Amino acid sequence: MELSTATRLIQGAIRTKGPQNWADLGAGSGLFSLALGEILPVGSSVFAVDKDQNALDGISWKYKDKNLVRIHGDVEEELSLPQLDGVLLANVMHYIVRQEDFFKRLGGRLTENGILIIIEYDTTRSNPWVPYPISLDAMKKMAAKVGYDIRLLGTVPSRFNSGKLYSVALHPTRNPGR
């Protein structure tokens, strides 16, 4: 995926005024961390979290007016992060076994107006690379169940199958995880 596509998938959900703290959980090579860097206002921080230290070290940060903090860790474990204005999860949820519990815990990390952005494959069929799929319909149902309003941001064709990737913005409606 190109940086411009990643940016387009998330830009409709990010406030562009005032410094913010965002986490890119499961950052990998940093494509979506860079997309956050493209959009977030001056003085913002991106916390890129991943199990792969080499991938984190390889992120080429080019935004001198924004901070990148690399955190080597497992997104399912308790992480030392500040309260966050946003959390981005690109192709992460399909690795989480207890997705509802994970959502609730993330809600507790968000500021009052915080937001989650999720990018996932719109499929119900698991495979070795997507062991716990969460289709758009399933995401909508789970979001409502655990206390989030959800808004579709966009879709793009998947280069790995005949389906598509979707991006959604989720806002807590009743303080999930708190």
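Helices (H or I, at least four residues) and strands (E, at least two) are DSSP runs, numbered here from the N terminus. The model on screen is predicted, so local features need pLDDT of at least 70 and side-chain atom pairs count only at pLDDT 80 or more, whereas totals for chains, interfaces and linings use all residues. Residues are numbered from 1 along each chain as its sequence is written, and side-chain values use heavy atoms, with hydrogens and water left out.

**First stop: serine 33 and its helix**

Select serine 33, which lies in helix α2. At 0% relative accessibility serine 33 counts as buried, a word that stands for under 20% relative accessible area, with exposed meaning over 50% and partly exposed in between (1.4 Å probe, protein chains only). Now display what serine 33 touches, where contact means heavy atoms within 4.5 Å: not counting residues up to four places away in sequence, these are Asp24, Ala27, Val46, Ala48 and Trp61.

The buried residues of α2 are Phe32, Ser33, Leu34, Ala35, Leu36, Gly37 and Ile39. To see what covers them, show the elements that include α1 (3-10), β1 (21-25), β2 (45-50), β4 (84-90) and β5 (110-121).

**Second stop: the nonpolar cores**

A nonpolar core is a set of buried Ala, Val, Leu, Ile, Met, Phe, Trp, Tyr and Cys residues joined through side-chain atoms within 4.5 Å. The largest one has 30 residues, and those with the most contacts inside it are Leu25 and Phe103. Two or more residues of this core come from each of β1, β2, β4, α4, β5, α5 and β7 (164-172), and α5 gives the largest share, five residues.

Centre on leucine 25, whose contacts, leaving aside neighbours within four places in sequence, include Val49, Val75, Leu79, Phe102 and Leu106. A second, separate core of 27 residues includes Ala13, Leu36, Leu165 and Ala169.

Finally, select helix α4 (residues 99-107) and helix α5 (residues 136-146), which pack at an angle of about 55° with their axes 10 Å apart. Axes are lines fitted to C-alpha atoms, for helices over the stretch in contact, and angles run from 0 to 180 degrees between N-to-C directions. The two helices are therefore oblique to each other, because angles under 35 degrees count as roughly parallel, over 145 as roughly antiparallel, 65 to 115 as roughly perpendicular and the rest as oblique.
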